Amino acid sequence: MSCASEYAPQLRSRGYRITPQRMAILHVLRHAGSHLTPKDVYRRAKKEFPNLTEPTVYTTLEFLAKNGLAHLSQADGGHLTYEFSSSDHHHIVCRICGNEVELKHAPLESFYRYLESTTVFIRIDSHLIFRGVCPDCQKTLKG
């Protein structure tokens, strides 16, 4: 869990306590490499922290998302998923096989500035998931 401790100063500087539960959950997200449901996080973190409860996982995931250390997304079927927030990015997910590609945020930056200049909102952020059909599945559609 030592990798998660690099984020402890960021949370402490905002006046938050650094709990073993928070560090265990952050560690799971940091090493997952993909989106996880809260139940996935719970199952993985419980291996390192056996006394962890499922409600604590939900509360901690919300806390991490609020503090910019996790991205919240909505998967197919409306299920919430979380991902470690290493940088601003988005995804394109194949609607057939589920294969996903990460997209850099920079090309969308002008769209975010446009939203801010034409609405009363500021500091707009999001974690977008676009849907499409990947090249492999396109081949099966044509055949």
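**The nonpolar core and the helices around it**

Of the 23 residues that make up the largest nonpolar core, the ones touching the most other members are Ile25, Leu29, Val41 and Leu64. Helices H2, H3 and H4, together with strand E2 (80-84), each supply at least two residues of this core, and H2 provides the largest share, with 7 residues. The model described here is a predicted one, and what follows should be read with that in mind.

Among the contacts in the chain with a separation of 6 or more, 48% are accounted for by residues 24 or more positions apart.

The packing of H2 on H4 can be taken next. Helix H2 spans residues 20-32, and its axis lies 10 Å from that of H4, at an angle of about 70 degrees; angles of 65 to 115 degrees count as roughly perpendicular, and H2 and H4 are therefore roughly perpendicular to each other. On the H2 side the contact is made by Gln21, Arg22, Ile25, Leu26 and Leu29, and on the H4 side by Thr56, Val57, Thr60, Leu61, Phe63 and Leu64. Sorted by class, the residues of this contact between H2 and H4 comprise 7 nonpolar, 3 polar and 1 charged.

Which residues does isoleucine 25 touch, not counting those up to four places away in sequence? With that exclusion, isoleucine 25 touches Thr56, Val57, Thr60, Leu61 and Leu64, and also Val41, Ala45 and Leu52. Of these partners, Val41 and Leu64 are named, along with Ile25 itself, among the core residues that touch the most other members.

H4 also packs against H3. Helix H3 (residues 38-48) and helix H4 (residues 54-66) meet at an angle of about 115 degrees, their axes being 9 Å apart, and H3 passes H4 in a right-handed crossing. From H3 the contact draws on Pro38, Lys39, Val41 and Tyr42, while H4 contributes Glu54, Val57, Tyr58 and Leu61. By class, this contact of H3 with H4 has 6 nonpolar and 2 charged residues, with no polar ones.

Read side by side, the two lists of contact residues both include Val57 and Leu61 of H4, which take part in the contact with H2 and in the contact with H3. Val57 and Leu61 are also among the residues touched by isoleucine 25.

Technical notes: Residues are numbered from 1 along each chain as its sequence is written. This is a predicted model: local features need pLDDT of at least 70, side-chain atom pairs count only at pLDDT 80 or more; totals for chains, interfaces and linings use all residues. Side-chain values use heavy atoms; hydrogens and water are left out. Axes are lines fitted to C-alpha atoms, for helices over the stretch in contact, and angles run from 0 to 180 degrees between N-to-C directions. Helices (H or I, at least four residues) and strands (E, at least two) are DSSP runs, numbered from the N terminus. A crossing is left-handed if the near helix is turned anticlockwise from the far one by less than a right angle, and right-handed if clockwise. Contact means heavy atoms within 4.5 Å. Ala, Val, Leu, Ile, Met, Phe, Trp, Tyr, Cys and Pro count as nonpolar, Asp, Glu, Lys and Arg as charged, and the others, Gly among them, as polar. Angles under 35 degrees count as roughly parallel, over 145 as roughly antiparallel, 65 to 115 as roughly perpendicular and the rest as oblique. A nonpolar core is a set of buried Ala, Val, Leu, Ile, Met, Phe, Trp, Tyr and Cys residues joined through side-chain atoms within 4.5 Å. Buried means under 20% relative accessible area, exposed over 50%, partly exposed in between (1.4 Å probe, protein chains only).
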